[in-house]
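Please look over the structure below.

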Amino acid sequence: RAAFVSAVTHELRSPLTTFRMYAEMLAEGMVRDAAQRTTYLETLRVEADRLSHLVENVLQYARLERGRNGRRCAPIALERLVRHTTERLPQRASQAGMLLQETAPPAAQPIVWTDPAAVEQILFNLVDNACKYAAAARDRRIHIQWSLGNGTVQVRIADHGPGIAPEQLAKLFQPFSKTDQEAAQSAPGIGLGLALCRRLAQDIGGRLTYTPDPDSGAVFLLELPLQKRT
């Protein structure tokens, strides 16, 4: 609980300070240049999205911790699942000046047994992480590749950033594992996104793993079960 309070408080402080400062300047007419006003308003929009994403993750993790998630898996065609879960990902990549490249699923369209809302939240968190941690990469692409495995649908998410340092792998999926100093030196966050992604994957009968690749940066593999034939 102490780690949670410390992490969330630190993460809220920066956007709230920006909100207060920019809102006061706009309200008092201190920003007279139209282009600069547009820039300030866009900054406020981005910070609002950041806060919304943070709150969504915290509430979802709290529900999982209490065992009250209430997710209901159901059969869904792979094509529909892809369409439903990747709709807002290109916009997030574009906001960070990055390009999302998606490899279409195979021609065969199996039925997946899953919760599309959970899959969407997992993929959004992973793309959001790529936007933050691979921001300095020369190659601005984020790859999402859909394929079929042994009784599963596999989704590979990769970027061209620095990847995960070996010493960080042990606590990669632990909640609130990022210190204030680490957040200041790397990217904003409370160290909750990956922990939530793994818990959500497990909750819908899937699995999320980190798969190091020397030719890429950070690479994650999400496996979702196919519907069992009766």
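How many disulfides does the structure hold?

## Cysteines

The structure holds zero disulfides. This is a predicted model, and a disulfide here would need a pair of cysteine sulfur atoms within 2.5 Å.

Cys-73 has a relative accessible area of 21%. Cys-131 is at 4% relative accessibility, so Cys-131 counts as buried.

## Overall fold

The protein chain has seven helices and seven strands. Along the sequence, their order is α-α-β-α-α-β-β-α-β-β-α-α-β-β.

The protein chain has 230 residues, and 40% of them are buried. Take the contacts with a separation of 6 or more: residues 24 or more positions apart account for 72% of them. The accessible surface of the protein chain is about 12,800 Å². Carbon and sulfur atoms contribute 52% of that surface.

Arg-92 sits in helix α4, which covers residues 89–95. Is Arg-92 buried or exposed? Its relative accessibility is 16%, so Arg-92 counts as buried, the cut-off being under 20%.

The side chain of Arg-92 makes a polar contact of 2.7 Å with the side chain of Asp-128. Leaving aside residues up to four places away in sequence, Arg-92 touches Phe-124, Val-127, Asp-128, Cys-131 and Lys-132. One of these, Cys-131, is the buried cysteine at 4% relative accessibility described above.

Terms used:
Residues numbered from 1 in each chain as written. Predicted model: local features only at pLDDT ≥ 70, side-chain atom pairs only at ≥ 80, totals over all residues. Heavy atoms only, no water. Buried < 20%, exposed > 50% of the residue type's maximum accessible area, 1.4 Å probe, protein only. Helix = DSSP H or I, 4+ residues; strand = E, 2+ residues; numbered from the N terminus. Polar contact = N/O pair within 3.5 Å; in protein donor to acceptor, adjacent residues only side chain to side chain. Contact = heavy atoms within 4.5 Å. Areas by Shrake-Rupley, 256 points an atom, 1.4 Å probe, with all protein chains shown as cover.
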